[in-house]
Amino acid sequence: MIALSAIIGVPAAAMANPETWLTPDCPPVLFQHAPADPIVPVQMSVHFAARINEVAGPGRARLHFVEGTGHAGPEFDRPEVVGRTIVFLKEVLRVI
């Protein structure tokens with residue numbers, strides 16, 4: 001990564017930051033995050049979703065909170081959570 005950063009002129013730390021690569025034509029993104037996640041702070045998804053919407057336009061990133069769980073808990077399998085995913089895929093892919 002360091003050699004590549006020298007070639008393209010982007011510092012190595014910036015290369016690892018997904019915000020570095022945001023463009024107005026980035027694909028739609030669905031975030032579903034548990035506010036009580038002890039591994040990945042919810043603020044990371046809040047911030048990144050906001051940045052995507054700033055760069056690519058409102059609504060490009062969607063953020064939903066999954067209450068009552070931590071990181072990757074079984075609550076992510078609840079019908080309303082899975083349903084949001086299916087709706088998102090139908091809208092974005094237009095194939096299901």
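1. The exposed residues Q43 and E54 sit on the face of α3 turned away from its buried side. Exposed means over 50% relative accessible area, buried under 20%, and partly exposed in between (1.4 Å probe, protein chains only). Helices (H or I, at least four residues) and strands (E, at least two) are DSSP runs, numbered from the N terminus.

2. A word on the basis. This is a predicted model, in which local features need pLDDT of at least 70 and side-chain atom pairs count only at pLDDT 80 or more, while totals for chains, interfaces and linings use all residues. Residues are numbered from 1 along each chain as its sequence is written, and side-chain values use heavy atoms, with hydrogens and water left out.

3. Now the helix itself. α3 has 15 residues and reaches 21 Å from its first C-alpha to its last, close to the 21 Å expected at 1.5 Å a residue. The expected span is 1.5 Å times one less than the number of residues. After α3 comes G57, with a positive phi near 110°.

4. Which residues of α3 are buried? They are S45, F48, A49, I52 and A56. These cover an arc of only 100° around the axis, so they lie on the same side of α3. The arc is that of the directions from the helix axis to the C-beta atoms. The buried residues of α3 pack against β1 and β2 (61-65). Contact here means heavy atoms within 4.5 Å. Not counting residues up to four places away in sequence, A56 touches T23, P24 and C26.

5. The largest nonpolar core has eight residues: L22, C26, F31, F48, A49, I52, A56 and A61. Helix α3 (residues 42-56) gives the most to this core, with four residues. Such a core is a set of buried Ala, Val, Leu, Ile, Met, Phe, Trp, Tyr and Cys residues joined through side-chain atoms within 4.5 Å.

6. Check the rings. Rings of Phe, Tyr and Trp (its six-membered ring) pair if their centres lie within 6.5 Å; planes under 30 degrees apart count as stacked, over 60 as edge-to-face and the rest as tilted. The count comes to one aromatic pair. The ring centres of F31 and F48 are 6.0 Å apart and the planes are at 85°, so the pair is edge-to-face. This pair links distant parts of the chain: F31 is in strand β1 (residues 29-33) and F48 in helix α3, 17 residues apart. Both F31 and F48 are buried.

7. Last, Q32, which lies in strand β1. Its side chain makes a polar contact with the side chain of R84 (3.0 Å). Another polar contact, of 2.8 Å, joins the side chains of Q32 and T85. A polar contact is a pair of N or O atoms within 3.5 Å; within protein, one must be able to donate a hydrogen and the other to accept it, and residues adjacent in sequence count only if both atoms are side-chain atoms.
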